[in-house]
Structures are given as structure tokens and as C-alpha cells.
Amino acid sequence: MDTVTVIVGSSIGGVRTAQSLRLEGYEGRIVLVGEETELPYDKPPLSKSFLASTATEASICLLNQQQAQELGIELQLGHAATGVDITGNLLQLQGQEALHFDNLVVATGSSARSSPWGDRPGIHVLRTLDDGRSLRGNLAKGGQLAVIGAGFIGAEAAATARMLGLQVTIVDPLPIPMSRIFNSEVGQWFGDLHRSNGVTTIFGTGVEAIDGEQGSFTLRLTNGQNLEAATVLVGIGAVPNDTWLESSGLLVDNGLVLDEYCRTVDAPHIYGVGDVARWRHQKHGEDIRIEHWTNAVEQAACVAYNITHPENPRAYTPVEYVWSDQHDWKIQVVGRVGGNAEQDIIGDPEVNGRFAALYTVDGTNLSGAAIVNWPKALLACRRGMGTGITVQELREKLEPMLDPQPLQAS
């Protein structure tokens, strides 16, 4: 009898797990369950090309009905998972009969942290296609956009809104943006980037309340100022979608807790992928959870391999990779950056139009890097992270590549 693998979560992690299973030669039944009624879609464009209307819903679709049929992937969309019966191998669904599984892959992702200032019309978060439609519709009406939170989503949406010609203000309680990810010097450059592109920045300041209604909001700030806005975007982080697992008996602690093979510690036939997964990274010697597209794709491939090769599973030990597009900056991050790591910067955005910030934890070896507008540096850093390289060796490789070419005024 064919085995059944049920994948719960229809975003990139779930879709890539299903596709990777077929690439690995898995011949059993694959059922992909999603809470949303939408066909699976890609989320990074929501704050960029989709928001700008240069991408369509069809162009960001990850898996249409024909493709699913060709791969033998059964789509069960519009059904929220409510729990797991481990002993009975059943996935419980809202308003639907439970699904039997031999293998279960939890890929339910994460949700935008909800707005503490209410969710009435005109106050948005940006995580789903429906969120994107709603925000895009409001931006099309014009008026000032206030973005609360200078993380990747808020910064990308702010850059897109400026490209559309809107007046944009970013508010963040951190005095220097991105300082949770990078150090203060690089974070300051991010602030300069937005200001040079016409974004008003109010950093080191929080939001006490939002008064008014769609088209006419007043944000009351902790510095005593008021900020007027037609539309508000709240980008204050994300939380893993793991509450539906709390009664299952599986270990949940800031995500579904997994071993180094991405299997749950309680049931080795249940796996986790993507934002919801917190697994034991052997090279780091700790449990980690990563909220980014690349991690979901790579973890999906590893889980598919381990399902099809249970006798010889492969530990998941990726080199982290994150990217973001803001204005004319292509930002790419490999490995682990910020924190207590020492930083060595090569290049300058004003002088060279590009730079690389190299990080080391032990004072010698490369532990991570942040690269802007410099593809060759990215390649060298990724290779170095894989083979082992010192910061000094990498500096000697990169410095000769720098030509002082000031950015042209646009």
C-alpha cells in the first residue's frame, strides 16, 4: 500500500517539500493542505513588485492546479489544521474529516505580529495575498503612508511606496534602524538610504496611539509629536503559527521543536519546515528558527530527502542567507551577523556604491557578512563560509575589486 505524506501549509515551505518529494522519487500519495483558499503563492513580492503592481497574482503563483495534477499533489485548500493525533496518525481539520498520514510535514509558517493599535480599515499588516491586495488598494488612493517598524518588510514597503510617488514616514523605537541585525554603522547607512530617497524617518520614537479613520489618521508619538497619515502599515515582526499544535503533545517552544534531521523530538515521522520550525543546528550547537524564503526552500529539500531515505537521514546545517531589496540597494546577508561579533567593513556606499561588512565571533574566522550591491563579494563570502576563511584573507581578496566609483545622481 502506498504511503501518505500530508503537508500542512501551502506557502513556499510546503510547496517545495511536495515538489522535492517527487524529485527524490517518492511515489506515495502527497496531500498539501492550506488554510487560505488561494492557490499557493510567493510572499517576498508582496512588499515589492506585487505592491507596485508590476507583478500579478498569476505571476507569483507557486503551484497551479495543472502543475499539481501533473505532480500528483492533491490540493486541499481553505482548511485550517486544528490539531494532530500522534498515536492515530491523524491531522485534524476545521470542518473536515481528519486526514490519515504516514508522514506529516508541518509548514504552517508565521503570521504578522498583530497591531497593538487596532486593525480597523486603513491600518495594515503585510503577510498574506489578501493583505497585499488591501494595502495596494489603499496606496492607490494616494496620501501619506506611515510605516511603523523599520525591519525588512516595513523598509521594503516604504521603498516601494516612494517609488509609487507617495509621501512616506517610517517610525521605529530603535534610534538606529536594523541595529538588531547589524551594528550601528551599517544601520546608520540604512537610515541614510531611506532619507536620500525622500522617506521621512523618525527613529528612537514609539507610537502611543492611532486616532482617526482610514484616510485621516493621527499617530500620537512618544516624543509628543503627531503624525498625519492616510494609511498605516504595521511591520513589527512575526510569530510562528504553532498554537494549533499546543494540544498535540508535540514539543512547541517558539516554533515546533525538531532534531538535527528536522524531525519532531516526540514522533520521528513528523517533520517541520520553514518559519514554524525550530531545529537543532549541529554546527551552531543550538536550536534555531529562521524566518526567510531561502531557509524554507533548503529545509524542504532536506526533509524530502529524509522522508525518502529514512535509513540514512541528512542533518540540516545550512549557511544562513537572507536578502532584501530597498530603493537601489540589493542587500544580501550570509551566515550570522550582528550581536557581539566584531565587524570589518570594506567599501563605502557613498564612495563606491557598494560595501561588504564582514563579521567574526572569534576575532579571526568569518562568521557572516552583509553585502550591498556587490555580487562578486557575495560569491566570495558564500564560498568562504562553506570552506572556512579568515576575515583578513577575505579582505585581501575583496579590496582589489573596489574601484572608487561615486554613485551618479538620479
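## The largest cavity

The largest cavity of this predicted model has a volume of about 50 Å³, where a cavity is a set of points, on a 1 Å grid over the protein atoms alone, at which a 1.4 Å probe fits but cannot get out, and a volume is the space filled by probe spheres set on the points, which are joined across faces, edges and corners. The structure holds one cavity of 30 Å³ or more. Residues are numbered from 1 along each chain as its sequence is written. Local features need pLDDT of at least 70 and side-chain atom pairs count only at pLDDT 80 or more, while totals for chains, interfaces and linings use all residues, and side-chain values use heavy atoms, with hydrogens and water left out.

## What lines it

The lining residues, those with an atom within 4 Å of a point, are Ile 290, Thr 294, Asn 295, Glu 298, Tyr 316, Pro 318, Val 319, Glu 320, Tyr 321 and Val 322. They divide into six nonpolar, two polar and two charged, with Ala, Val, Leu, Ile, Met, Phe, Trp, Tyr, Cys and Pro counted as nonpolar, Asp, Glu, Lys and Arg as charged, and the others, Gly among them, as polar.

At least two lining residues each come from α6 (293-308) and β22 (321-326), and α6 gives the largest share, three residues; helices (H or I, at least four residues) and strands (E, at least two) are DSSP runs numbered from the N terminus.

## A three-stranded sheet

An open sheet has the order β13-β14-β15 with antiparallel pairing, two strands being paired if DSSP finds at least two bridges between them. Its edge strands, β13 (207-213) and β15 (226-229), each pair on one side only. Six bridges join β13 to β14 (residues 216-221), and Val 207 has Leu 221 of β14 as its bridge partner.

Note on methods
1 Å grid on protein atoms, 1.4 Å probe; cavity = no way out; pocket = protein on both sides within 12 Å on 5 of 7 lines; lining within 4 Å.
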